Amino acid sequence: MLKWLWLTLLVVILDLGTKALASQNFELYETLTVIPGWFNLTLAHNPGAAFSFLAEESGWQRWFFAIIAFVVSVVILLWLKRLQDHERWVAISLALVLGGALGNLWDRLTLGYVVDFLDFYYQANPQSPAKHWPAFNVADMAISVGAFMLIIDAIFSKDEPKEEPKEEPKEEPKEEPKEEPKEEPKEEPKEEPKEEPKEEPKEEPKNTPH
């Protein structure tokens, strides 16, 4: 099912494109309110994993998560290759996860951190403190959606009996009708022509002199 790699490529393009736009248009930690009390656009550098996990560590996490992302990407590629045509749901899930992993892997290898720019939060009123969800990006969204789809598949695929592929009946070679040996017409014995008895010439009586 490698034909679904187009979805992986789409995720990578969207992820790197939006990160580039955020880096060009925002200063670090600058915010732009889109929906007051709910959603901001911002620019953050995350040296940790998705949703800023282990972001406060000393720097070892950069190569740790890069190696994990590389290994996971190879495993997903092999998994995709072995899927059957009817396993579309799993193929889409894996393609999304692979796209997100590659998008963040590129950031780690080239920048040393992951660019995040989506900031969801809750603030009841301007005077109350805002509760922010860790900033994330398109790659994190693709990984989360793909992982959720895999969980759904794991739950519901247990209840459904797996259909074994039907073997097409093998066509037995048709026996060609045997030709009965033709009886050659029997030759009737030729009757030899019967020889007619030869008539012996009759002797004429001799005239005796008187």
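In the predicted model, the buried residues of helix H4 are Val 138, Ala 139, Asp 140, Ala 142, Gly 146 and Met 149. These buried positions pack against helix H1 (5-25), helix H3 (88-110) and strand E3 (114-122).

Leu 43 lies in strand E2, which comprises residues 39-46. Because its relative accessible area is 4%, under the 20% limit, Leu 43 is classed as buried. Beyond the neighbours within four places in sequence, Leu 43 is in contact with Ala 22, Ser 23, Phe 26, Glu 27, Leu 28, Tyr 29, Glu 30, Val 115 and Asp 116. One of these partners, Glu 27, is 16 residues from Leu 43 in sequence, with a C-alpha to C-alpha distance of 6.6 Å.

Aromatic pairing was also examined. The count comes to 5 aromatic pairs, and ring pairs link Phe 39, Phe 120 and Phe 136 into a cluster.

On the surface, a nonpolar patch is formed by Ile 67, Phe 70, Val 71, Val 74, Val 75 and Leu 78, which together have about 550 Å² of accessible area. Ile 67, a member of this patch, is placed in helix H2, residues 60-82. Its relative accessibility is 54%, and Ile 67 therefore counts as exposed, the threshold being over 50%. Leu 43, in contrast, is buried.

Notes
Residues are numbered from 1 along each chain as its sequence is written. This is a predicted model: local features need pLDDT of at least 70, side-chain atom pairs count only at pLDDT 80 or more; totals for chains, interfaces and linings use all residues. Side-chain values use heavy atoms; hydrogens and water are left out. Patches are made of residues with over 30% relative accessible area and no salt bridge: like charges are joined within 9 Å, nonpolar side chains (Val, Leu, Ile, Met, Phe, Trp, Tyr) within 5 Å. Accessible areas come from the Shrake-Rupley method with a 1.4 Å probe; for residues, only the protein chains shown count as cover. A salt bridge is a side-chain nitrogen of Lys or Arg within 4 Å of a carboxyl oxygen of Asp or Glu. Helices (H or I, at least four residues) and strands (E, at least two) are DSSP runs, numbered from the N terminus. Buried means under 20% relative accessible area, exposed over 50%, partly exposed in between (1.4 Å probe, protein chains only). Contact means heavy atoms within 4.5 Å. Rings of Phe, Tyr and Trp (its six-membered ring) pair if their centres lie within 6.5 Å; planes under 30 degrees apart count as stacked, over 60 as edge-to-face and the rest as tilted.
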